[in-house]
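Subject: Structure for you to look over

Hello,

Here is the structure we spoke about. My notes on it follow below.

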Amino acid sequence: MQTEVLIIGAGATGTGLARDLALRGVSCVVVETGDVNSGASGGNHGLLHSGGRYVSNDTEAARECREEGALLKRLAPQCVEDCGGLFVAVAGDDENFVADYPGWCAAAGIDVCCVDPAEARALEPVLSPKVVAAFAVPDATIDPFRLALENMAHAKALTGCSLLRRTRVTGMDVDAGRVVRVHTVNTVSGEAGTIEAAQVVNATGAWAGRVAALAGASIPMLCSQGTLLVTHERMTRRVVNRLRPPGNGDILVPGGTVSILGTTSVTIDDPDRARPTVAEADENVRQALPMIPSLGYTRFVRAYCGVRPLIRSDAGQGGDGRSVSRGFMLYGHEEAGLSNFCSVSGGKLTTYRLMAEKTADLVCARLGVSAPCRTRTEPLPAAPSCRWTEPGFAPRLWTQRHDADDPLLCECEMVPASAVDGIMDDCGQQFPDPGLQALGKRSRIGKGSCQGAFCGVRVAAHLYDTGHYTSPKGLTRMREFFTERFKGQRPVLWGPQLIQAELAEALHCGLLGLELEGPDTAPAPGAAKDEEARP
Amino acid sequence: MSQPERYDLAVIGTGLAGMAAAVFASSRGLRVVQAGSTGAISYTSGVFDVLGALPATREGQPARPVERPFEALPELLRDEPGHPYALLDPEDIRLAFHELMDFLRGAGLPYRAGGERNFLLPTPAGTLKHSWCVPETALPGCEALAQGAPACIVAIEGMKGFSARQVAVNLAPHWPGLTTARVAMPGHPGGEVYPEQVARMLEVPAARKALAEALAPLLGQARVVGLPAVLGMHRPGDVAADMERLLGRPVFEIPTMPPGVPGIRLKETFEGLLPGRGVALFCQQKMVGPLPAPGEPFRLRVAGQPVEHHVLADRALLCSGRFLGGGLGGLRGRPLTETVFGLPVAQPEDRAQWYRQDYLDPRGHAVHRAGLRVDAALRPLGRDGAPAHEGLYAAGSILAGQDWIRMKCGAGVAIATAFKAVTTLAGAR
């Protein structure tokens with residue numbers, strides 16, 4: 001395969017870069033080991049930072065967030081809920097920090113407004129009576145999945161840019177300072193392939209160090225796992241931040257119909273092994289209780305984690321994830337003697353557009369393309385097939401249409417069969433063998449209180465009926481889907497969700513026996529007999 | 001307030017263990033009061049397992065399906081010495097099942113037990129389930145599968161979670177000549193349809209005739225016809241026989257995802273017949289109260305409805321189930337609790353050990369083996385290791401040392417421990 005630019009990684013940056021390049025008339029191919037937003041782009045709060053979070057220790061990152069946040073509210077409103085945010089301190093929090101906060105915001109140009117604690121509690125009744133100070137900032141929320149999917153969809157519409165999902169980069173041939181060939185393997189079929197591109201961009205987030213190493217370059221990465229918890233219901237209208245230096249369990253962000261509590265920061269060696277833990281779930285809740293006491297008995301349905309791709313500016317001197325800059329880094333890798341390979345990492349979801357712009361500037365300069373960046377002014381077009389990730393969209397549509405012949409396959413989130421069919425068609429044009437996991441990325445399937453236990457079974461049956469599944473591999477896909485959903489359930493299995501999990505396992509294992517070998521894993525009985533019959 | 005009614009036995013819980021206990025106790029002339037949320041039994045598959053699989057004991061091993069459950073018992077008890085089956089004579093398991101099956105047959109819900117072997121029956125995913133005792137409406141499917149007889153699996157338009165193609169594609173290696181069909185339920189206005197609706201519709205002969213007419217042209221060479229479990233809510237045997245007559249070939253049921261018709265049949269059968277046997281049954285209510293002093297009767301409160309009842313019982317049988325049933329509670333930052341009497345629960349040290357990392361780990365999860373430890377007479381042990389009360393017994397899934405989901409032993413543990421507890425306490429009276 002040949003292309004002008006090869007982008008490795010389909011997170012916010014990679015897909016944003018695909019669109020930025022497409023708007024400049026440059027075509028590209030995106031390869032991704034998993035699916036869209038498999039890394040930190042899918043494992044974050046969905047918080048469109050005002051910058052207020054970083055004013056105390058990283059004025060530059062705060063400024064970037066402020067500018068980019070304002071841009072995205074204007075240019076991608078379909079992905080944004082402009083809900084506003086509060087920073088609140090409770091009795092016992094550092095008073096000097098509270099006193100300094102408005103000044104820091106002013107220095108970063110962030111529009112901050114002091115709110116009387118009683119008024120803050122009137123705005124957000126779940127806040128503790130012990131709130132002693134509050135400031136309003138222009139925080140908002142953003143749907144990272146819709147954002148990435150629409151960036152990709154726009155790039156495809158402009159230049160035919162394609163996404164190769166489940167495609168892992170395994171090696172690069174470097175010759176005379178150029179990456180002349182990139183080797184890939186399809187993680188499902190095992191099929192190997194090669195891609196030749198004039199320019200290669202490494203936008204793999206926490207994996208950037210490893211991918212750079214394939215080209216003989218190095219990046220001083222620090223992988224910091226952050227775990228977040230999803231509540232069963234939305235608890236606040238606004239983003240609520242603890243007014244203190246960033247720490248565990250100090251932000252509660254609305255996510256449409258739910259709220260998301262985070263985040264921990266645990267340095268890990270291997271981003272492939274990131275998974276949320278029981279200890280992190282407990283820590284998030286414990287830390288958040290002084291700010292929002294009802295989190296102590298709220299139902300949580302899920303935990304998830306992302307790996308922050310942090311760049312160690314003090315490489316070799318250690319340091320933990322909290323104290324490392326949230327700013328991003330763009331490497332041209334000239335020091336490694338490379339002229340057509342670059343890496344972009346670090347940064348935040350809020351600044352993804354800026355990261356894509358700077359990377360595209362470098363790529364275009366190297367290609368000799370002079371077209372300017374247009375993502376600063378060009379609105380992101382809404383794509384109909386990308387709307388199913390929005391919490392609450394499916395129930396609204398269902399109540400409007402009430403089409404009795406369109407069964408709800410996901411009853412928790414009210415996702416109808418027609419949505420499944422539409423997404424499958426759309427995916428089928430982009431990549432082979434879409435299934436339950438791809439649907440989960442592109443809709444609310446598996447996101448409700450049953451966490452996919454029931455809808456996974458219903459959707460699989462539907463996919464057999466529609467001919468998308470034609471072999472016992474459909475059972476493998478079911479096992480994979482339930483296994484993946486469980487990773488996020490495990491840390492929050494107490495109270496009602498523990499009951500839900502018992503029912504799920506009774507269905508999946510008790511009735512269906514999915515923990516046993518099945519027709520997709522065991523040799524057919526006829527085959528076994530033939531073997532036995534041989535002399 | 002009037003004087004509380006006095007009973008021989010309070011059965012706390014209305015799952016399979018509680019319902020079986022009420023049957024066994026009322027047959028033995030005991031005056032029984034019983035309370036619980038009967039809805040949970042609708043979530044059972046309606047298939048009665050004794051032992052369907054042996055979980056792996058070491059990492060990297062697979063779990064193994066069990067073909068001969070009674071033969072496999074010694075192996076199970078070697079791996080899981082704390083399993084409630086260790087307290088039972090295997091013959092008691094059979095006796096218990098047959099006594100309950102007699103009751104169910106009398107109620108129009110006949111079951112068949114498998115002798116030495118488990119039946120193999122198809123699931124809606126197209127996997128195979130090993131089960132010892134199945135509703136007779138499932139039996140022609142087990143037999144056709146065993147013989148490789150050509151069968152047609154039929155899906156009903158608008159019924160979610162049941163795909164005939166999924167069943168056929170996955171069973172093809174075991175069952176040659178499977179075909180599929182899809183039919184709209186005659187008389188249903190279209191859109192979503194639930195198994196329970198179809199089952200109630202098929203109670204009416206005209207609906208069966210219409211369904212048979214719609215089905216007949218689709219069946220081809222099939223000698224047997226498989227449907228999701230929808231063959232009537234009451235007396236399913238009669239509905240199945242009529243369908244067989246109309247189609248000229250046997251018809252069988254495949255269990256569906258919960259709540260399925262076979263579970264609802266059990267719920268309605270027990271709820272309908274137990275009061276006639278003298279059981280004071282309080283549905284959708286909880287029976288709670290303190291653990292009495294030695295020698296004192298249980299003073300229990302039946303709560304959950306506007307009017308509360310107070311009862312006295314000489315003995316109590318705790319069949320309150322696990323998390324879904326409400327017998328065990330698990331909160332963040334606290335050990336697992338027994339919710340009625342606050343009995344000690346054998347359990348992993350902390351929440352991080354409740355579940356393994358991998359959902360489908362063939363060894364199963366520790367949280368499911370947590371529960372009540374009991375003495376040889378099935379009396380739960382207190383903190384001092386002695387029975388918590390001489391008149392308190394426990395049965396069913398609340399017992400420690402078993403993982404009914406992974407061992408496929410839920411009905412066996414429920415029915416057989418209820419039998420053992422009732423026969424013991426009736427004898428000790």
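A nonpolar core is taken here as a set of buried Ala, Val, Leu, Ile, Met, Phe, Trp, Tyr and Cys residues joined through side-chain atoms within 4.5 Å. Please keep in mind that this is a predicted model.

Cores

The largest nonpolar core has 141 residues, and those that touch the most other members are Phe24(B), Phe48(B), Phe97(B), Leu100(B), Phe270(B), Leu318(B) and Ile415(B). Helix H11 of chain B, residues 410-427, gives the most to this core, with 10 residues. A second, separate core has 31 residues, among them Val26(A), Val36(A), Ala155(A) and Phe328(A). In soluble globular proteins, nonpolar side chains tend to be buried together.

Leaving aside residues up to four places away in sequence, Phe48(B) touches Phe97(B), Leu100(B) and Ile415(B), and its other contacts include Leu16(B), Trp132(B), Cys133(B) and Leu266(B).

Domains of chain B

Across the boundary, 20 residues of domain 1 are in contact with 18 residues of domain 2.

Surface

Ile499(A), Tyr43(B) and Leu324(B) make a nonpolar surface patch of about 230 Å². Leu324(B) sits in the loop between strand S16 (309-318) and strand S17 (328-329) of chain B. With a relative accessible area of 37%, Leu324(B) is partly exposed; patch residues must have over 30% relative accessible area, so Leu324(B) passes that cut-off.

Backbone

Two cis peptide bonds may be worth a look. One runs from Gly262(A) to Thr263(A), with omega near -5 degrees; Thr263(A) is in the loop between strands S16 (258-262) and S17 (266-268) of chain A. Another joins Pro258(B) and Pro259(B), with omega about -5 degrees, and Pro259(B) lies in the loop between strand S12 (251-254) and helix H9 (261-273) of chain B.

Which residues have a positive phi although they are not glycines? Arg166(A) has a phi of about 55 degrees, and Lys408(B) has one of about 50 degrees. Arg166(A) is found in the loop between strand S9 (162-164) and strand S10 (167-175) of chain A, while Lys408(B) is in the loop between helix H10 (404-407) and H11 of chain B. Are these residues buried or partly exposed? Arg166(A) counts as partly exposed because its relative accessibility is 21%, and Lys408(B) counts as buried because its value is 4%.

Regards

Note on methods: Residues numbered from 1 in each chain as written. Chains lettered and ligands numbered in written order. Predicted model: local features only at pLDDT ≥ 70, side-chain atom pairs only at ≥ 80, totals over all residues. Heavy atoms only, no water. Patch = residues over 30% accessible without salt bridge, like charges linked within 9 Å, V, L, I, M, F, W, Y side chains within 5 Å. Areas by Shrake-Rupley, 256 points an atom, 1.4 Å probe, with all protein chains shown as cover. Salt bridge = Lys/Arg side-chain N within 4 Å of Asp/Glu carboxyl O. Helix = DSSP H or I, 4+ residues; strand = E, 2+ residues; numbered from the N terminus. Buried < 20%, exposed > 50% of the residue type's maximum accessible area, 1.4 Å probe, protein only. Contact = heavy atoms within 4.5 Å.
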